[in-house]
Amino acid sequence: MTKGTSSFGKRHNKTHTICRRCGRSSYHIQKKQCSSCSYPLKKMRRFQWSAKALRRRTAGTGRCRHLKQMPRKFKNSFREGTQAKKSN
């Protein structure tokens, strides 16, 4: 038996599928855990030894639905429950 080309033709079972949290093909079907983000655990998987991986998934890499509003709210001192004055 060789461990090269002829063995690669026998690979047709999928160990990993798409993860519902990170979207990568890293969710192990038998272990029921993602090797990239460690879903379903609450705490996201991240390590300091991989600086590039931290940059890829840090704050500011997604839609920033909340962060987008912060400069405007900061400028107005985070006021709430007031109406804008009518400009004539």
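Is serine 38 buried or exposed? Some quick notes on that and a few other spots.

1. Ground rules: this is a predicted model, where local features need pLDDT of at least 70, side-chain atom pairs count only at pLDDT 80 or more, and totals for chains, interfaces and linings use all residues. Residues are numbered from 1 along each chain as its sequence is written, and side-chain values use heavy atoms, with hydrogens and water left out.

2. Serine 38 is buried, because its relative accessible area is 10% (buried means under 20%, exposed over 50%, partly exposed in between, with a 1.4 Å probe and protein chains only). You'll find serine 38 in the loop between β3 (33–34) and α2 (51–56); helices (H or I, at least four residues) and strands (E, at least two) are DSSP runs, numbered from the N terminus.

3. The serine 38 side chain gets to the backbone oxygen of lysine 43 at 3.2 Å. Setting aside neighbours within four places in sequence, serine 38 is in contact (heavy atoms within 4.5 Å) with Arg21, Gln33, Lys43, Met44 and Arg45.

4. On the cysteines: the structure has zero disulfides, a disulfide being a pair of cysteine sulfur atoms within 2.5 Å. The sulfur of cysteine 37 has its closest cysteine sulfur, in cysteine 19, at 3.6 Å, so the two are too far apart for a bond. Cysteine 19 is buried at 2% relative accessible area, and cysteine 37 is buried at 0%.

5. Glutamine 69 sits in the loop between α2 and α3 (70–75) and is partly exposed, at 30% relative accessibility. Its C-alpha atom is separated by 22 Å from that of arginine 55, 14 residues apart along the chain.

Notes
A polar contact is a pair of N or O atoms within 3.5 Å; within protein, one must be able to donate a hydrogen and the other to accept it, and residues adjacent in sequence count only if both atoms are side-chain atoms.
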